[in-house]
Amino acid sequence: MPDLLIELLSEEIPARMQAAAAEDLKRLVADGLAEAGLSHDDAASLVTPRRLVLTVSGLPKMSQATREERKGPSVNAPEKALDGFLRSTGLSKEDLEARDGKKGQVWFAVIEREGRPTSAIVAEVLDVVIRHFPWPKSMRWGSGSLRWVRPLHSIICLLSDADEIQIVDLEVDGIRAGNRTVGHRFMAPEPIIVTSCADYLAKMNGARVLVSAKEREEIIVRNATRLAEERGLEVVDDTDLLSEVAGLVEWPVVLLGEIGEEFLDLPTEVLRTSMRVHQKFFSAGDSSSRITHFIAVADRETADEGATIMAGNQKVLRARLSDAKFFWENDLRVARDGMKAWTDMLGKVTFHNRLGSQAGRIDRIAASAREIASALGADPDRAAAAARIAKADLSSEMVCEFAELQGIMGEYYALAAGRSAEVARVAREHYQPLGPSDDVPDGLLSVAVALADKIDTLAAFWAIDERPTGSKDPFALRRAALGVIRLILENELRLSICEIAVEPSRRAATDAVEHGSNDDEGKELQLMVVEEDYRQGPNGPLPRGILEFLHDRMKVFLRGKGVRHDVIDACLAMPGADDLTLLVRRSTALAAFLDTEDGENLTQGYKRAHNILKQAEEKDGVEYALDPDQKLAETDEERSLFDALERAESAIRPAMKSEDFEAAMLAMADLRGPIDGFFDAVQVNAADERLRRNRLNLLHRISETCLAVADLNRIEG
């Protein structure tokens, strides 16, 4: 059984596209072969900066012959229906058979396909894949029509086994498939002829090309660690940079360089970011975590063992770090002057054309931070002061050069301005968490400002009706919502989302009106609407809309922790659902309860009681919600249920008041046996109307007792 080797050699593929391109090549070719009836044992894709490689093992020499019978329309169907059927089968009317069906004669198509050589199928599949490859960006060159990420130079398409080596007959835009390639651009540019997958991998390695990105990453890590340890240093982990650098070289050569002494007083983050962004260098630090060296990865071996390369790298790095040092020293002068120049500049920076400036946004955040800090027991004045300088570094030269340092530089500059460590730390931490794995701040000032920042983001874009749709979320509102959720849950805060969102919503809506209309009369009417919404407090449209959005994100968050969606819905329907910490505690307790046999059976018993009650109320046109009379109980099972409900209610009320949901659900679990016994022994719809009404009222009491814990109507099954 032959193996397939494909290599697509081009100019350099951007590192960020390589992994996806390798997977796309494997997926598209494998799918195309499968659709054509070719099975295979295994497929593996590899990628370097210049080539996409695919190996497919265990292909048959020919596809199997197939015979398919397909039922078509009635023989009396309109011509259009028949024409569509013929087009789908590729047959003519003379090829069809009329067969008897249940409702008359029906056309049948018998489609027979002969087996085809694998080489012909591979040629067709690869031709389509190359011409329609899903590059994020592609280009045309020369006079051809083919679009590829960079100019495509050659194609290897080879079928080989122990008996035969076959070059697949394929030509794409003037490029004919063959069995030739080249090695490393500088160290082995001579043509190479390959005969099989194994031969290709061996010859590539000999020609200074490592086609496995994983192998290149391992070599970089291993050699960088060795060089650093020889000097008593440690390489700073950077997974993203490692992946990028491995996509820039075909033959990684790791070199260690030293940072100039005059730059070592720069903040660690500045050194790392400047080297990483501009030069793709790894950082290496000493035992005190001070960055003193860098790791460069070259794409070739040299006679002087990289000395010339390192000299060039150090020259360029000196220029880059000189710029960074200039920014740092200029920024420090502004910071020591109180940062007023920066905060004034933010008044001229637009946050959004319908929401005003960054300075206006900071005013809103500072006001919200004051209110949230008060609710958390923190100092409101310090929270507001921290919020006012938290984004000052957005005007700094360093952050203008390296946007990823926002907040980080803010902390340095706040300390330089004489602010306390706690206030300065807010500048760094109020952006957190930036993602699901990012750290969550725990200092009360940082938490207050972080919540104010994220809630203002939600309120502001809600006010101008810019909300996420489908996969589109241009203003990262889902990330802001997840940040609010994690800040509250991981700090176990007890806050009403609607209450803390009222004032931010009013302020954001007011600013949206002020900046969104030039019509004074229309603006006045819109402001009146905002004030009317504000009077509704937590039940106004903006706070409620934000809460619903947070609930949607909570569902995703809790499902990720294994809580069923119906359990979440059952808890969202209860009072206090705008207290996210309370919501999680109730959801996890209910989920654990429903995983038990008692929980599952009690839910079924509750639903049986609820359904009988609702059917009776619909039939009779009345609501059975009076207190049932235990004196009318006729059986031991009925009296046992009365007693069990009394015990459960006595336990559930204080447990719910103290938010001990586990205790409340244990008390509810004790109802399982009495409810089962009641339904086994008692006929609810008794002939005696007085007994029937009393038993229906008893079902209502069962329902009310269970619903005090969660809305079990929303539990599925």
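**View 1. Strands β1 and β7 pair in the antiparallel sense.** Eight bridges join β1, residues 3-10, to β7, residues 152-160. Isoleucine 6 stands opposite cysteine 157 of β7. Strands are DSSP runs of E with at least two residues, helices are runs of H or I with at least four, and both are numbered from the N terminus. Two strands count as paired if DSSP finds at least two bridges between them. The model is predicted: local features need pLDDT of at least 70, side-chain atom pairs count only at pLDDT 80 or more, and totals for chains, interfaces and linings use all residues. Residues are numbered from 1 along each chain as its sequence is written, and side-chain values use heavy atoms, without hydrogens and water.

**View 2. Five strands form an open antiparallel sheet.** The order is β2-β3-β1-β7-β8. Strands β2 (42-47) and β8 (165-167) are the edges, each pairing on one side only. On average, neighbouring strands of this sheet are turned by 15° against each other, direction ignored. Axes are lines fitted to C-alpha atoms, for helices over the stretch in contact (heavy atoms within 4.5 Å). Angles run from 0 to 180 degrees between N-to-C directions.

**View 3. Helix α1 lies across β1, β2 and β3.** Helix α1 covers residues 15-35, and β3 covers 51-57. The helix runs at about 150° to β2.

**View 4. Helix α4 lies across β1, β2, β3 and β7.** Helix α4 spans residues 197-206 and runs at about 40° to β1. In total, the protein chain has 26 helices and 18 strands.
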